Amino acid sequence: MIPFKINEQEVEAQEGWTILETAKQYGIHIPTLCYHESVAPSGACRLCVVEIREGDWSKIVISCMYPVQSGLTVLTDSERVRNVRRWILEMLLAECPASKELQKLATEYGVKATRFTIKNPEEECILCGLCVRVCREVVGVSAITTIGRGVHKKIGTPYGKPSESCVACGSCVSVCPTGAMRTRLDSIRGLGQAKTGHSHQA
Ligand code: SF4
Ligand code: FES
């Protein structure tokens, strides 16, 4: 076992565990959006940041991907962590301003508006890719995928056609942290139109 500290609490992790996995074992809350225990972490949303301290020195790391080491001191809710999370939430709000879930989370951190440019006021998807990973790694059908790069990146079906492999299990809807998949499943199955997000339609 690997001993270290989270918020003054002595904890122990198994070899290979991340900070987030260890925190979960001890009931210590770290906010996440793109993490799900059933699939490999991707580090897409960065909301799970924590601070690692050593004397006067400290750094911010992504807890869902940072492997624990003996003797670490981790702070999950320090002023620096909360500042970074507020900044990340502002960036995410600019990406998907229409997500009620994200607005609620931002409000909890005192973020009521974003200073970043909003490209599409109707967008709900943060492009975290969790729906894609769950569809591929858990359901095993790869009905949806990430298409394009940069500003053209979106979540959709191969060639934008209704998916024949979709089994309508709803896993993508249930894991989606922003609610974006709720309005897109029918179009993936070819049962209706996707919500008209300009670059992220399914
Ligand atoms: S639809 Fe939801 S789960 Fe999929 S990439 Fe967008 S925010 Fe993430
Ligand atoms: S939960 Fe860790 S980066 Fe998204």
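Me: Let's start with Arg 115: buried or exposed?
Reply: Arg 115 counts as exposed, at 69% relative accessibility. Buried is under 20% relative accessible area, exposed is over 50%, and partly exposed is in between, with a 1.4 Å probe and protein chains only. Before we go on, this is a predicted model, where local features need pLDDT of at least 70 and side-chain atom pairs count only at pLDDT 80 or more, while totals for chains, interfaces and linings use all residues. Residues are numbered from 1 along each chain as its sequence is written, chains are lettered from A and ligands numbered from 1 in the order written, and side-chain values use heavy atoms, leaving out hydrogens and water.

Me: Thanks. Which side chain does Arg 115 meet in a salt bridge?
Reply: Its partner is Glu 90, at 2.7 Å from N to O. The pair links distant parts of the chain, 25 residues apart: Glu 90 sits in helix α2 (residues 79–95), and Arg 115 in the loop between α3 (100–108) and α4. Helices here are DSSP runs of H or I with at least four residues, strands are runs of E with at least two, and both are numbered from the N terminus. For a salt bridge, a side-chain nitrogen of Lys or Arg must be within 4 Å of a carboxyl oxygen of Asp or Glu.

Me: And Glu 90, buried or exposed?
Reply: Glu 90 counts as buried, at 8% relative accessibility.

Me: How many salt bridges does a search of the whole structure find?
Reply: Nine. One of them joins Glu 79 and Arg 86, with the closest N and O atoms 3.2 Å apart. Glu 79 is exposed at 52%, while Arg 86 is partly exposed at 23%.

Me: What about Glu 108, which residue does it bridge to?
Reply: Glu 108 bridges to Lys 104, and the closest N and O atoms are 3.8 Å apart. Both lie in helix α3, four residues apart, about one turn of the helix. An α-helix has 3.6 residues a turn, so residues three or four places apart point the same way. Lys 104 is exposed, with a relative accessible area of 57%. Elsewhere, Asp 77, Arg 82 and Arg 85 are joined into one network by salt bridges that share partners.

Me: Switching topic: which residues of helix α4 are buried?
Reply: In α4 (residues 130–139), those are Leu 130, Cys 131, Val 132, Arg 133, Val 134 and Cys 135. They pack against β6 (145–147), β7 (154–156) and α5 (171–175). Contact here means heavy atoms within 4.5 Å. Gly 140 follows α4, and its phi is positive, near 80°.

Me: Nice. Which residues surround ligand 1?
Reply: Cys 131 is one of them, and the others include Cys 125, Cys 128, Ile 155, Cys 176 and Met 181. A residue is near the ligand if one of its heavy atoms lies within 4 Å of it.

Me: How does that shell divide into nonpolar, polar and charged?
Reply: Into 10 nonpolar, two polar and no charged residues. Ala, Val, Leu, Ile, Met, Phe, Trp, Tyr, Cys and Pro count as nonpolar, Asp, Glu, Lys and Arg as charged, and the others, Gly among them, as polar.

Me: Last one: where is Arg 46?
Reply: Arg 46 is in the loop between α1 (19–25) and β3 (49–54), and counts as partly exposed at 46%. Leaving aside neighbours within four places in sequence, Arg 46 is in contact with Ile 62 and Ile 88. The C-alpha atoms of Arg 46 and Ser 63 are separated by 8.6 Å, with the two residues 17 apart along the chain.
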